[in-house]
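Look at the sequence and the model, then read on.

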Amino acid sequence: MVSGLTRRTPHKVRSNYYYTNWEEVPVVLDVPAASIILGVHNDTVQKLLRLGKLSGKKVGKDWRIPKAAIMDYLGVQSNAQDKGGDEA
């Protein structure tokens, strides 16, 4: 190992929270997963939920956030919407 360089692991990061596309994202997320996707702190996600800027449900003490709510907040359309659905 080169002198002065150390191998560090990120603090409290779960590797299964990193996604490469929307199809990999679970239908329902918890606050830590939502914060990683949004690129903000957990407290910021909780504040957005409390203010109603991000929709979610409180289950006991924990928040559950639908993937659709995250996509809506970011202005991302789902694949079904992208394809245009049935046209008359």
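Predicted model: local features only at pLDDT ≥ 70, side-chain atom pairs only at ≥ 80, totals over all residues.

Q: Why is Tyr 73 called partly exposed?
A: Buried means under 20% relative accessible area, exposed means over 50%, and partly exposed lies in between (1.4 Å probe, protein chains only). Tyr 73 has 39%, so it is partly exposed. Tyr 73 sits in helix H3, residues 67–74. Helices (H or I, at least four residues) and strands (E, at least two) are DSSP runs, numbered from the N terminus.

Q: Which residues of H3 are buried, and what do they pack against?
A: The buried ones are Lys 67, Ala 69, Ile 70 and Met 71. They pack against E1, helix H1 (31–38) and E3. Contact means heavy atoms within 4.5 Å.

Q: What makes E2 and E3 a pair?
A: Two strands pair if DSSP finds at least two bridges between them. E2 and E3 (residues 62–66) have three bridges, in the antiparallel sense. Lys 58 stands opposite Trp 63 in E3. Val 59 has Asp 62 in E3 as its bridge partner. The two strands form a hairpin with two residues between them. Gly 60, in the turn, has a positive phi of about 65°.

Q: How many bridges join E1 and E3?
A: Two bridges, again in the antiparallel sense. Leu 29 stands opposite Ile 65 in E3.

Q: What is the strand order in the sheet?
A: The open sheet has three strands in the order E1-E3-E2, with antiparallel pairing.

Q: Why do E1 (28–29) and E2 (57–59) count as edge strands?
A: Each has a single partner strand, so one side of each is left without a neighbour in the sheet. H3 packs on this sheet and touches E1 and E3.

Q: How do you know that the side chains of E3 alternate?
A: Trp 63 and Ile 65 point to one face and are buried.

Technical notes: Residues numbered from 1 in each chain as written. Heavy atoms only, no water. Axes fitted to C-alpha atoms, helices over the stretch in contact; angles between N-to-C directions.
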